[in-house]
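Hi,

Here is the structure I promised to pass on. Have a look at it first, and then read on for what turned up.

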Amino acid sequence: MTGINKTTEKNLMVFTGRTHPALAEAVAEELGTDLVPSSAYEFANGEIYVRYEESVRGCDAFVLQSHSTPINEAIMEQLLMVDALKRASAKRITVVQPFYGYARQDKKHRGREPISARLMADLFKTAGADRLIAVDLHTDQIQGFFDGPVDHLMARPILADYVKDKYGDRKLAVVSPDAGRIKVAEQWSRQLGGVPLAFIHKTRNIDRPNESVANRVVGEVEGRWCVLVDDMIDTAGTITKAADALMADGAAGVIIAATHAIFSGPAVERMVACAAEEIIVTDTLPLLDEQKFEGLTVLSIAPLVSRAIREVFEDGSVTSLFT
């Protein structure tokens with residue numbers, strides 16, 4: 001009796017949760033495929049139910065969910081989606097998180113605190129994820145928290161190309177909102193042709209999250225258009241105080257560029273009132289109409305995410321996207 005000898009074709013399938021369907025649709029369109037139809041709803045007590053409407057057996061699954069508000073529901077829904085795929089015999093499951101929740105809690109500042117970013121990685125591994133794709137993690141070491149391949153995508157080329165095209169003819173400086181993000185600012189400086197660097201020296205009260213005091217500008221910014229770069233804008237306190245400090249120090253103007261537009265609480269009000277000429281973000285997170293304002297530019301992350309998915313599916317190189 002001869003054995004069965006059959007090579008199955010690879011089958012890419014893209015799935016999305018309910019937090020940011022517009023981004024998932026744009027990614028699927030770039031890939032030339034459709035999102036897999038699924039059902040998702042809450043029971044009366046808030047428990048989440050998910051089910052896929054077609055067979056996923058043997059597929060190369062990419063599960064896209066951005067961890068936007070309400071963040072805990074977004075994370076739980078994605079975990080359940082992964083579990084459903086594992087139990088339905090998907091061949092490989094890649095979790096795509098344009099915004100990785102709990103990334104700010106990546107180490108212990110004081111005793112008796114959790115390292116929540118590590119717990120997140122463990123949860124997705126336990127649920128059945130084989131691989132993780134994320135955009136601009138808060139710190140690089142989070143890649144080591146997940147026991148499997150992690151593709152860390154960077155939005156900097158998208159943001160920097162926009163800044164270069166629009167402001168490249170002006171005298172620029174790249175500014176980090178704190179000393180901890182100098183490395184990122186250096187990468188920006190290189191991408192903008194070696195413009196000068198500066199940073200804001202600030203203090204933060206560890207008992208009061210989302211609050212900081214911009215103390216002074218370190219570096220030469222007088223007469224220059226300052227590109228203030230960060231990975232996220234949450235309540236916008238840090239970034240708007242930094243913009244005002246730069247203008248007080250003689251900057252010709254300020255452009256803010258950040259990947260993740262969280263925009264919590266008073267963020268929009270602060271950004272509208274601050275000294276920045278333009279605030280540039282990507283659509284890793286969904287924005288409500290009331291969170292959009294004059295001077296805000298939203299760039300699409302879908303081309304980057306779709307190219308990464310294609311490279312992973314075809315066993316290509318994700319690193320090649322940034323070289």
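A residue is called buried when its relative accessible area is under 20%. Please keep in mind that this is a predicted model.

With that cut-off, Ser-66 counts as buried because its relative accessible area is 0%. You will find Ser-66 in the loop that runs between strand S4 (60-64) and helix H2 (71-87). A polar atom of the Ser-66 side chain lies 3.5 Å from the backbone nitrogen of Phe-99. Setting aside residues up to four places away in sequence, Ser-66 touches Thr-19, His-20, Ala-74, Pro-98, Phe-99, Thr-284 and Leu-285.

Thr-284 is also among the contacts of Thr-259, once neighbours within four places in sequence are left out.

Now for the nonpolar side chains. In soluble globular proteins, these tend to be buried together. The largest nonpolar core here has 40 residues, and the members that touch the most others are Val-27, Leu-153, Trp-188, Leu-192, Val-227, Val-305 and Ile-309. Helix H8 (residues 302-313) is the biggest contributor to this core, giving 7 residues. Val-27 touches Ala-302, Val-305, Ser-306 and Ile-309, as well as Leu-64, not counting residues up to four places away in sequence. There is also a second, separate core of 33 residues, with Ile-48, Leu-85, Ala-134 and Phe-146 among them.

Enjoy exploring it!

Best wishes

Terms used
Residues are numbered from 1 along each chain as its sequence is written. This is a predicted model: local features need pLDDT of at least 70, side-chain atom pairs count only at pLDDT 80 or more; totals for chains, interfaces and linings use all residues. Side-chain values use heavy atoms; hydrogens and water are left out. Contact means heavy atoms within 4.5 Å. Helices (H or I, at least four residues) and strands (E, at least two) are DSSP runs, numbered from the N terminus. Buried means under 20% relative accessible area, exposed over 50%, partly exposed in between (1.4 Å probe, protein chains only). A polar contact is a pair of N or O atoms within 3.5 Å; within protein, one must be able to donate a hydrogen and the other to accept it, and residues adjacent in sequence count only if both atoms are side-chain atoms. A nonpolar core is a set of buried Ala, Val, Leu, Ile, Met, Phe, Trp, Tyr and Cys residues joined through side-chain atoms within 4.5 Å.
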